[in-house]
Amino acid sequence: MKKILSVFGTRPEATKMVPLVLALEAEPELKSYLCVTAQHRELLDQVLNPMGIKPDYDLNIMTHGQSLADVTTRVLAGLSPIMADVKPDMLLVHGDTITTFAASLVAFFAKIPVGHVEAGLRTYDKFRPYPEEVNRKLVSAVADLFFAPTEQARENLLKENILEKAITVTGNTAIDFLKYAVKDNYNFEREELNRLDFSKRIVLITAHRNENLGRPMEAICQATLRLIENFPDTQVVWALHPNKAASGPARRILSNHSRILLTEALCPFDIINLMKRTYLLLTDSGGLQEEAPTFDLPTVVMREVTERPEGLNAGTMVLAGVEEESIYNHAVKLLTNEDVYNKMARAKNPFGDGHASGRIVQAILSFFA
């Protein structure tokens with residue numbers, strides 16, 4: 001049996017890696033091990049605990065006010081002895097976090113093959129998103145297997161001279177996770193969500209990216225305030241991020257409006273089931289861009305660039321930038337123009353069919369064969 005060590009540390013990684021971990025555990029030719037770094041402790045546990053996932057190793061590295069350098073060095077130091085203990089035949093990492101970059105480096109030092117899940121996403125701007133764009137490019141430098149979620153991601157890797165035989169287009173495991181999370185008669189863990197008036201059009205907002213802190217976040221808040229004041233049939237739900245630099249402007253500008261619900265960071269099961277009942281999504285999240293089309297949910301992306309152009313090309317989302325007027329106008333168009341709304345809502349999801357994990361397992365078996 002080949003030993004596969006999966007390493008992740010944040011909630012978005014967990015939602016996308018848990019389906020793969022379950023698929024690995026079901027494959028008799030592979031022995032699956034899981035190490036979490038807990039780069040985001042509480043948010044990570046929001047996925048692991050409900051799914052009954054118990055890591056074999058838990059570095060528990062999160063500290064208050066941690067810097068990127070802090071996380072990097074603690075992953076390097078903590079994972080090295082685990083790698084020596086497990087002696088895996090392959091390391092699996094996901095996406096673009098500091099955990100992913102540092103774990104890949106540890107595997108490279110140990111001459112252990114690296115499989116990169118969600119490989120090939122690019123904006124070609126090293127500070128947008130920061131530090132994710134550089135993280136994923138550094139992982140590409142040491143990876144041996146590349147699990148590209150889309151054909152566009154595959155093309156990005158080929159342009160960087162990655163061997164074609166090392167790339168498998170799999171779809172995105174984010175879509176795999178939805179079958180575990182979506183319930184028709186879902187009861188929200190966050191009680192205030194159960195009291196929402198779903199006869200109104202729900203506008204769901206999330207904003208947290210480093211490059212949106214400061215003036216862009218203020219602009220997002222002002223655009224939100226204009227929307228709620230000009231559309232009385234709407235209810236805004238803003239799922240706040242734990243980072244106070246991200247949540248502070250929303251608390252200051254939006255907390256006194258009766259139709260704006262500011263709620264603490266939602267568990268993934270809550271936010272996914274809320275998306276199913278939402279009319280419009282405004283976000284700077286990468287994962288939500290991928291999940292929204294499954295729910296026929298038009299999305300306004302509040303960023304200057306996106307590493308998921310497939311959604312733009314398919315028409316599932318629009319790129320609004322981070323200026324107040326642009327965000328407001330894009331949202332208004334979707335709230336007032338039924339034809340524009342329906343065209344976006346009915347666009348085909350370009351990010352996957354819910355079977356990515358199985359394709360990744362087969363690619364791993366082929367690699368060892």
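Which side chain meets that of Glu 290 in a salt bridge?

**Entry 1: ground rules.** I am working on a predicted model, where local features need pLDDT of at least 70, side-chain atom pairs count only at pLDDT 80 or more, and totals for chains, interfaces and linings use all residues. I number residues from 1 along each chain as its sequence is written, and side-chain values use heavy atoms, with hydrogens and water left out.

**Entry 2: Glu 290.** I found its partner to be Lys 16, at 2.7 Å, N to O. I count a salt bridge when a side-chain nitrogen of Lys or Arg is within 4 Å of a carboxyl oxygen of Asp or Glu. Glu 290 lies in helix 12 (residues 286-291) and Lys 16 in helix 1 (residues 11-25), so this pair ties together parts 274 residues apart in sequence. Helices (H or I, at least four residues) and strands (E, at least two) are DSSP runs, numbered from the N terminus. Glu 290 is buried at 1% relative accessibility, and Lys 16 is buried at 5%. Buried means under 20% relative accessible area, exposed over 50%, and partly exposed in between (1.4 Å probe, protein chains only).

**Entry 3: further salt bridges.** I searched the whole structure and got 25 salt bridges. Asp 96 and Arg 136 form one of them, at 2.8 Å, N to O, and both residues are buried. Arg 201 and Asp 233 meet at 2.9 Å, N to O. Here Arg 201 is buried at 17%, whereas Asp 233 is partly exposed at 34%. Shared partners join several residues into one network, including Lys 16, Asp 96, Arg 136 and Glu 290.

Entry 4: I traced an open sheet of 7 strands, in the order 3-2-1-4-5-6-7 and with parallel pairing. Two strands pair if DSSP finds at least two bridges between them. At the edges, pairing on one side only, are strand 3 (57-58) and strand 7 (167-169). Helix 16 (residues 356-368) packs on this sheet, and its direction makes about 160 degrees with that of strand 6. For such angles, axes are lines fitted to C-alpha atoms, for helices over the stretch in contact, and angles run from 0 to 180 degrees between N-to-C directions.

**Entry 5: Thr 206.** I placed Thr 206 in strand 8 (residues 201-206) and found it buried at 8%. Its side chain makes a polar contact with that of Thr 283 at 2.5 Å. A polar contact is a pair of N or O atoms within 3.5 Å; within protein, one must be able to donate a hydrogen and the other to accept it, and residues adjacent in sequence count only if both atoms are side-chain atoms.

Notes: Contact means heavy atoms within 4.5 Å.
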